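Please open the model in your viewer and keep the sequence panel beside it. The tour below moves from one selection to the next and says what is there at each stop.

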Amino acid sequence: MLESHSILASLLLRLLVYPLLEEYIFRANLQHWLDMRLPGWRGWKTNVVVSSLFAVAHLWAWPPLHCIAVFFPSLALGWLWQRYQKLWLCVAVHATFNAIGFALNPYLVNLLR
């Protein structure tokens, strides 16, 4: 019973809480702020800066290779933000990325059996 609550809590965090917080902080605030303050950098340059910071922020909980891998989906999320300026869209795509990662994690897959 404890394992199922633990898995449910992890799913809730990874599919709702983390995407919402991270996209709010990194896209709706930091990337938006950089785009407004550095108009010459607007576009791919601010996206690379924010994606780099996003990857580095994952170092507190993940190994370096995971953080490097996070950089690339972050570029896609940054592009979505710059193109559509819709937080909900970035959150939904981020949650999808997390769901795929969660589903592919062999340890968690074994717990779900």
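Begin by selecting Arg27 and Glu23, both of which are buried, where buried means under 20% relative accessible area, exposed means over 50%, and partly exposed lies in between, with a 1.4 Å probe and protein chains only. Show their side chains, and you will find them meeting in a salt bridge at 2.8 Å, N to O, a term that stands for a side-chain nitrogen of Lys or Arg within 4 Å of a carboxyl oxygen of Asp or Glu. Side chains of opposite charge can pair when their charged atoms come close. Both residues lie in helix α1 (residues 2–37), four residues apart, which is about one turn of the helix, and a search of the whole structure finds one salt bridge.

Before going further, please keep in mind that this is a predicted model, in which local features need pLDDT of at least 70 and side-chain atom pairs count only at pLDDT 80 or more, while totals for chains, interfaces and linings use all residues. Residues are numbered from 1 along each chain as its sequence is written, and side-chain values use heavy atoms, with hydrogens and water left out.

Now zoom out to the whole chain, which has five helices and zero strands; these elements are DSSP runs numbered from the N terminus, helices being H or I of at least four residues and strands E of at least two. Of its 113 residues, 30% count as buried, and the C-alpha trace spans about 55 × 25 × 20 Å along its principal axes.

Next, select Ala28, Leu77, Leu80, Trp81, Leu89 and Cys90, the six residues of the largest nonpolar core, that is, a set of buried Ala, Val, Leu, Ile, Met, Phe, Trp, Tyr and Cys residues joined through side-chain atoms within 4.5 Å. Colouring by element shows that α3 (64–84) and α4 (87–104) each give two or more residues to this core, with α3 giving the most, three residues. Leaving aside neighbours within four places in sequence, Ala28 is in contact (heavy atoms within 4.5 Å) with Glu23, Trp81 and Leu87.

Apart from that core lies another, of five residues, among them Phe26, Leu34, Val50 and Phe54. Another edge-to-face pair is formed by Trp79 and Tyr84, at 6.2 Å centre to centre and 90 degrees between the planes; Trp79 is partly exposed, with a relative accessible area of 46%, and Tyr84 is partly exposed at 38%.

For the last stop, select Trp62 in the loop between α2 (44–57) and α3. Is Trp62 buried or partly exposed? Its relative accessibility is 32%, so Trp62 counts as partly exposed, and, not counting residues up to four places away in sequence, Trp62 touches Arg14 and Cys67.

Key: Phe/Tyr/Trp six-rings, centres within 6.5 Å; stacked < 30°, edge-to-face > 60°.
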